[in-house]
Amino acid sequence: MSQSSSSSPSASLGIIRWYDLAISAIWAIIGFGLFMRVWGLGAEGLRLDESQSVWQAMHSLDFIREYMLKNVHLPLHNSLLHLWMLLFGPSEASVRTLALIPGILSVPALYFLAREFIRPRWALYATAIAALSPFWVWYSREIRMYSLLTLITIFSYYAYVKILKENRVRWYVLYALVNIVGMYTHYFFFLILLVQLVYFFLTWRVRFSDRPPGEQVGEKRTMLRRFVLVGAVLVAGFVPWLYLLVTNYGSGSLAPILEKPDAFNVILQFYEFMFGFHTDTLTASLVGGWPILILGSFFFLSKRAPSSPLILLLPVGILLPVAIGFIASQYLPLFLSRYFIIVTPLLFIFVAWFIGELPTRSRIAVGGVFLAVLSVLLINQSIDPRVPTRENYREATQYISSQVGPRDIVVASPPYLVYPTQYYYHGDAMLTTYPIWDKRKGGIPAITDEILEQDLRAIKVGHSRIFFLVSTDLYGSKESKTYLDTHLTKIAKHQFSKNLWVHVYQAEYASKASPTPTGESWAESEEIPKGMIHVVAPGETLSKITFRYYGDYLQLSRIQKINGIRDPKIIHPGDILSIPEITPQKVL
Amino acid sequence: MPHTTKTTPQKFETVRIPRILSMVYLAAVLFYATWWLDFSHVGSWVLYGALLIAEIYHVWQVVGYLYTVWRIDDVVYVKPKEYPPVDIFITVCGEPREIVEQTVAAAKLIDYPDLKVHILNDGLVAGMANWRDIEDLGRDHNVDVITRTTPGGAKAGNINHALSVTTAPFFALFDADHVPHKDYLMRTIGHMNDPKMAFVQTPQYYKNRDDNFITRGAWEQQELFFGPICQGKNRMNATFWCGTNALIRRRALLDAGGVPEKSIAEDFLASLFIHERGWKSLYLPEILAHGLAPIDLEAYSAQQYRWARGSLDVMFKYNPLFRKGLTFAQKMQYLYSAGYYLNGLVVLMDAFIPLFFLFFGVVPVDDYTGNFVIYFAPFIFLTLYFLIRSTAYTITFRAIQLTIAASFVFLMALIASVTGKQTRFKVTSKVVHDKGNFISYAIPNMVYVLVGVIGVVFALNRDGVTPAVITNASWVLFNVVFFWPFIQEAYPWRAVATDFVQQAMGIFKKGPLVSSKIITPSE
């Protein structure tokens, strides 16, 4: 046999052995992963989906229930959030902590689940993957139900595996409780129940427990009876919601409109599960390296004992939901990677198992490199501002707040964007959406030329500038923006994250300044209307601008205050300044 | 793994593959094939054509394998009706006396009422130095030595000559280094009850299989061949003679014209002729003899070259498709086994395509990666899983890696076969070379690595880090990993490194060095 590579290094390192070093490294990695979940939790503004959660949760529990019925989601999470916000307030950090808690708990929970499939040291490795997983970290910091869904998924599988192995009543109780919570968390949770059902019958003849083989078929029949009982409980628990769903559905659905997935989306999804969210170029490069994955699977060929049949649950649990989701999405597109977070616990265990089954030398190399790559990608996802899922509503809205005057109007498009905008907006201007939408009345109006035309007319009236906040990746945004571009003059544009832009359009010109009581007019140049905007040209300073409009420097501080400029020396070409009209009293 | 108990002989496990797995796998293969037939993917017709041919080959081999292992039945022990005389032929051509001695001693101990051991000594006609030693050996052990005096036909000629001077109706043939077990004949002779049975083939087993990387890899390849593949051939009466460890009916062989002396793979061709004449053959998956694996790169290359050359000759000169007397299944099996040695060409075609892109920017396939991977991934993963299951978990990465690393050897065999060059029959070396230097065998592999690295650097310079560059660089890395064993085994690199480190440390020691160790690679 080949020489064991661990003999000489241990001699040179003395008491410390490589094995202990590796275990310590893994613990350090887990700590790092947990830290990355917590660090700077409130530093980024709420994203679109998050602000929707917060908005919904701000209302009464009844409202939440009604709203979720129409919104293709289940009420448990937002109801929890409602109670949470009552206790802890609505700031970014405090609301996100509700998602953080299951996100952190998922890591040790995964360890215990993994222990049911693989040996402890590889379960620990799986835990390291879970701790580092940029995908999990992202959703631990997003105030939506996905981190809770992950935790419940882990519990559900845990109870299920324990049932298969031990068939004791306590596991059935846990299983029922957990699944009720799960069913009310996300519709895709049902795919997990389906996986468990399929696996149960696939392994009908397989013995998982240590009981003698003779009892085995009888045992399976007992299990089936008990599962049916639990199933009845679950159905009973879900029927109230189903009833509400059936009686209310169809009254203005707010379901998201998504695109039909193709094969590439499936691959991308798995890359997101493993590596998280990155800029398009980085993701494309990662995807380009797929032959390395094929190579890795070749390393798997080595002499081994056949695997335990429980391992089969992993590919079934990973592939079946994705396959079903993919096929169903050809008719009703619902193929978002976060919906399939339910497969990620099994996916991480599978990867850990796979690496653990490689021949010894490959195992260490591949295992180490993989964790290193994950760490780097986690850091990149956390830091890189160009990551496409990063949505900077806070800065965009604050910019708008600082720029608008009372005669402007802020327009969010598509209308969903009103949620994050409302959360942050504190400006003087009115806020509306395009197309115009009253949330409480029903769904977002469909985009037609008539609607665009009549809504724009309504928006323009009585306003000088339109501050158009748009997210270009969402349905309907392109049409809205194109319509404005072709019918209005654009004054400025500013990008805040990959798809989030603020465009400023001229709505109407204000009437000329009314003559002062002395009959004299003010400005050096009559042609420039006052009480309007000024776009900073290169080389201009605030004092120059002030002088240009008012003939002196007295108004500088007022201009500064109105435009929210902290330091008068810092203005940039392209900045839009609001130049207020001077009221007659201020005339010398 | 061969199953050992105290009472039953070691045997290869009868592999049973769940029918549903076979069907799912077949579906995945066909699914994969459909991607290639959609010609909207073509980037460059020439390169696409090359890849297409390569994939057709792969699919053919894979389907052939699937067809072979589709159903494997147990080989049941048959009690012999009678015990006819059997000659034991041990072919010797320059092997060291110690090795032959073991074989001879074991042959004498075979449990059988009527056997005679003959040493077929080709040392004289082949110009080997120790031919007289072999004669002495025969005398010492009181066995017959047939020293050939008229040359011609190499091993085939040797056997034919021996057949002309012996009379037993059956003979068991062993290479000089394959030591038969006591129960060899008792386990095999029963199958000769069937008057149409021409030969019974038993597997080769390498006693030295754990010696080094190459012996291990070589053995693992044999596990695949003597495991599911040969077992599968049984039901199609397509087992071919593997040159050693076989019990043969003299009349059948003579009926087919004796051992063909024109081919370097005389065993493979002889079985073809025997099958044409309507005889039957059987593979008995019991380990009844043990031999030696090639122990270094030179020995391994020589062995693979010989097998490749012989099989490809059969395919070109005696193409089974056009020969009468074989059943359809037999034709397919002969083609499939001979065609295996085309894999060198195919691997190299696949390996050069990414280089084309790296140097010239020419893409064979115009398709965003995702779509291809959806078709390819199930195919490749199921292939690996199917291999694992069908070989009862004995297949290893090393076995496949070694095959692919030998691609250049196979390519040379192909070229030689097509051009009809004559090759001298080289005896597979069983002697350990001290501090072997086989770099010459690894040169093509090293060249590929070098060219690959240059190509990647060049492409990065030209295009930057684009997905296309990364994918092609990944493929180059993929190939390098597979080509690596030849480079690794070409030279005692590790010894060089350790010696260097020791020398460097020695420089820092106080006092003069007592001796300086310099490695001189011996030829």
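This is a predicted model: local features need pLDDT of at least 70, side-chain atom pairs count only at pLDDT 80 or more; totals for chains, interfaces and linings use all residues.
## Chain A as a whole

Chain A holds 24 helices and seven strands. Of its 588 residues, 51% are buried.

How does the chain fold back on itself? Among contacts in chain A with a separation of 6 or more, 72% join residues 24 or more positions apart.

## A sheet of five strands

Now look for the open sheet in chain A. Its five strands come in the order β2-β1-β3-β5-β4, and their pairing is mixed. Which strands stand at the edges? They are β2 (430-433) and β4 (489-497) of chain A; each has a single partner strand, so one side of each is left without a neighbour in the sheet. On average, neighbouring strands of this sheet are turned by 20 degrees against each other, direction ignored.

Strand β1 of chain A, residues 409-413, pairs with β2(A) in the parallel sense, over four bridges. Here A:Ala412 stands opposite A:Thr433, which belongs to β2(A).

## Helices across the sheet

Helix α21 (residues 449-460) lies across β1, β2 and β3 (465-471) of chain A, and runs at about 135 degrees to β3(A).

Helix α22 (residues 477-487) of chain A lies across β1, β3, β4 and β5 (500-506) of chain A. This helix runs at about 155 degrees to β3(A).

## Where the two chains meet

The size of an interface is often given as the accessible area lost when the parts come together. For chain B and chain A, the buried area is about 2,700 Å² between them, with 78% of it on carbon and sulfur atoms.

Which residues take part? Chain B gives 34 residues to the contact and chain A gives 27 residues. How many salt bridges are there between chain B and chain A? The count is zero.

Finally, here is one residue of chain B. B:Ser407 is placed in helix α15 of chain B, which covers residues 407-419. Is B:Ser407 buried or exposed? Its relative accessibility is 0%, so B:Ser407 counts as buried, the cut-off for that being under 20%.

Leaving out residues up to four places away in sequence, B:Ser407 touches B:Asn343, B:Gly344, B:Val347, B:Leu348 and B:Phe483.

How values were computed:
Residues are numbered from 1 along each chain as its sequence is written. Chains are lettered from A and ligands numbered from 1 in the order in which they are written. Side-chain values use heavy atoms; hydrogens and water are left out. Two strands pair if DSSP finds at least two bridges between them. Helices (H or I, at least four residues) and strands (E, at least two) are DSSP runs, numbered from the N terminus. Axes are lines fitted to C-alpha atoms, for helices over the stretch in contact, and angles run from 0 to 180 degrees between N-to-C directions. Contact means heavy atoms within 4.5 Å. Buried means under 20% relative accessible area, exposed over 50%, partly exposed in between (1.4 Å probe, protein chains only). Buried area is the accessible area (1.4 Å probe) that two parts lose on being put together, summed over both. A salt bridge is a side-chain nitrogen of Lys or Arg within 4 Å of a carboxyl oxygen of Asp or Glu.
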